[in-house]
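Student: Hi! Could you walk me through this structure while I have it open?

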Amino acid sequence: MQSLAIHASRVLTPFEDIADGVVVIQGSKISEVGPRGQVVLPRGAREIPAKGKTVVPGFVDVHIHGAGGRDVMAGNAESLEIIAGTVARYGTTSFVATTVTASQAETCESVGGIARFILKSSQFAARELSAEILGIHFEGPFISKARRGVHPEEWILPPSTEVLAEFLKEARGTAQILTLAPELPGAFDLIAAARQAGLVVSIGHTDANYEQALAAIHAGATHAAHVYNAMRPFSHRGTGVLGAVLTSPKVSAELIADNVHVDEAAMRMLVDLKTPERVILVSDGTSATGMPDGKYQLGKLQVKVSGGVCRNTEGKLAGSTLTLDRALRNIVALGVPLASAVRMVTANPARQLGLGSRKGILAPGADADLVFLDDKLEVSGVMTRGVGLTQA
Ligand SMILES: [Zn+2]
């Protein structure tokens with residue numbers, strides 16, 4: 001088995017900050033990480049110098065709809081390969097394919113296709129730079145009509161454990177996250193069913209008040225989708241869902257840190273209140289990610305991208321073209337230390353998925369998913385499961 005030893009000026013595992021560090025890779029896995037001089041290199045290891053670079057784990061995106069002109073709702077292998085290849089160039093080495101609200105039949109078809117792709121690709125070692133699809137995030141259909149954003153109203157459904165069961169059947173064990181509005185009638189049965197099936201329950205696209213959101217958290221919701229966006233706004237005498245999400249220590253908060261979806265002061269508040277351990281940077285990326293301005297699809301919906309900002313025909317924000325490397329730079333620009341910011345795109349999302357020892361970490365036994373950052377925090381190299389660019 002080919003072994004590689006990467007020598008970098010700095011390695012952020014991200015729990016340890018190692019100056020002059022070494023990451024040893026055997027095949028698709030990391031076998032050792034440590035300061036140079038303490039790591040014994042395997043015989044015949046190919047050495048890769050990464051002077052002046054910081055090596056961090058590959059980014060994990062738990063909320064992404066598409067990239068490279070393709071939407072995950074297409075559900076076919078070609079589209080999913082293009083998305084996985086596109087985001088990998090920006091440092092995202094694994095992601096959770098996120099649906100948009102669509103008809104039950106369409107959702108089942110898309111989910112069936114994504115599941116087929118995931119189960120098939122897990123049987124083969126990757127041969128080219130490509131992010132791994134870790135599962136499915138259902139964004140809808142059990143969401144609030146009042147806070148639907150651009151999700152089509154006609155396909156929004158009241159919470160139904162029967163419909164969820166249909167989706168889970170198609171997902172064949174690949175479902176990971178369910179975003180729902182907890183104020184809807186039947187939401188608590190749905191939360192229980194989702195938890196029973198091992199899903200992360202996420203509060204989002206919701207008009208919940210404080211009490212309703214808190215009740216959902218007590219019932220097992222541990223996540224909140226793109227916090228601030230598509231949520232009842234905060235007031236000091238009616239703090240709403242935000243009051244509950246921001247003050248509940250166990251809830252992880254997604255943030256679209258593109259400087260468009262959320263203003264700087266609100267991002268600072270979120271990071272301060274949730275602490276760097278509970279913030280998860282997401283792209284909410286659409287098919288327009290990695291593409292020039294123009295017209296694109298988000299599910300069945302047409303969106304227009306101008307200056308990299310994605311809106312529907314009414315001018316509502318409709319996902320983003322954000323990539324996680326840019327989100328990382330935006331958070332660091334707020335004054336957040338790099339090691340904390342890196343956690344928000346690596347260890348935190350991986351832990352939320354229960355994959356904290358395999359993804360989002362540089363440690364023995366973890367997948368060899370690596371990102372090389374230069375001194376401007378631009379991505380200068382990416383490796384996905386031991387494959388890909390190792391230029392430094
Ligand atoms: Zn959304």
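This is a predicted model: local features need pLDDT of at least 70, side-chain atom pairs count only at pLDDT 80 or more; totals for chains, interfaces and linings use all residues.

Student: Thanks! How is the chain divided into domains?

Tutor: There are two: domain 1 covers 3-56 + 366-383, and domain 2 covers 59-352. Their centres, taken over C-alpha atoms, are 30 Å apart. Domain 1 puts 10 residues into the contact and domain 2 puts in 19 residues.

Student: What sort of residues does domain 1 have on the side that touches domain 2?

Tutor: That side of domain 1 has 7 nonpolar residues, 1 polar and 2 charged.

Student: OK, on to the inside. How many residues are in the largest nonpolar core, and which have the most contacts inside it?

Tutor: The largest nonpolar core holds 125 residues, and Val23, Ile114, Val245 and Leu281 are those with the most contacts inside it. Domain 1 (3-56 + 366-383) and domain 2 (59-352) each give residues to this core, so the core lies between them.

Student: Let me click on Val245. Which residues is Val245 in contact with?

Tutor: Setting aside neighbours within four places in sequence, Val245 contacts Ile203, Ala213, Ala224, Val227, Val251 and Ala253.

Student: Now the sheet. What is the strand order in the open sheet of 8 strands?

Tutor: The order is S5-S8-S9-S10-S11-S12-S13-S14, and the pairing is parallel. Strand S5 (59-64) and strand S14 (279-281) are the edge strands, each pairing on one side only.

Student: Can you pick out a pair, say S9 and S10? How many bridges do they pair over?

Tutor: Strand S9 (residues 132-139) and strand S10 (residues 175-180) pair in the parallel sense over 4 bridges. If you want a spot to look at, His137 is opposite Ile177 in S10.

Student: And S13? Which way do its residues point?

Tutor: In strand S13 (residues 252-255), Ser252 and Glu254 point one way while Ala253 and Leu255 point the other way, and all are buried. Strand S12 (residues 223-224) pairs with S13 in the parallel sense over 2 bridges, and Ala253 in S13 is the bridge partner of Ala224. To get from S12 to S13 the chain goes through helix H6 (residues 240-247), in a right-handed β-α-β crossover.

Student: What about S13 and S14, how many bridges there?

Tutor: S13 and S14 pair in the parallel sense over 3 bridges, with Ala253 opposite Val279 in S14. The chain passes from S13 through helix H7 (residues 264-274) to S14, and this β-α-β crossover is right-handed.

Student: Changing topic: how many residues of H8 are buried?

Tutor: Helix H8 (residues 324-333) is mostly covered, with 7 of its 10 residues buried. Among them are Leu324, Asp325 and Arg326.

Student: What do those buried residues pack against?

Tutor: The buried residues of H8 pack against S5, strand S8 (92-98), S14, helix H9 (338-345) and strand S19 (379-383). Just after H8, Gly335 has a positive phi of about 105 degrees.

Student: Last one, Gly299. Where does Gly299 lie, and is it buried or exposed?

Tutor: Gly299 is in the loop between strand S15 (294-298) and strand S16 (301-306). Gly299 is buried, because 29 other C-beta atoms lie within 10 Å.

Student: Which residues does Gly299 touch?

Tutor: Leaving out residues up to four places away in sequence, Gly299 touches Asp71, Met73, Val100 and Ala102. Thr101 is 198 residues from Gly299 in sequence, but C-alpha to C-alpha the two are 8.0 Å apart in space.

Conventions
Residues are numbered from 1 along each chain as its sequence is written. A nonpolar core is a set of buried Ala, Val, Leu, Ile, Met, Phe, Trp, Tyr and Cys residues joined through C-beta atoms within 7 Å. A residue is buried if 20 or more other C-beta atoms lie within 10 Å of its own, exposed if 12 or fewer, and partly exposed in between; C-beta atoms are placed from the backbone. Domain bounds come from an automatic or database domain assignment. Two residues are in contact if their C-beta atoms, placed from the backbone, lie within 7 Å. Ala, Val, Leu, Ile, Met, Phe, Trp, Tyr, Cys and Pro count as nonpolar, Asp, Glu, Lys and Arg as charged, and the others, Gly among them, as polar. Two strands pair if DSSP finds at least two bridges between them. A crossover is right-handed if, with the strands pointing away from the viewer, the path from the first strand over the helix to the second runs clockwise.
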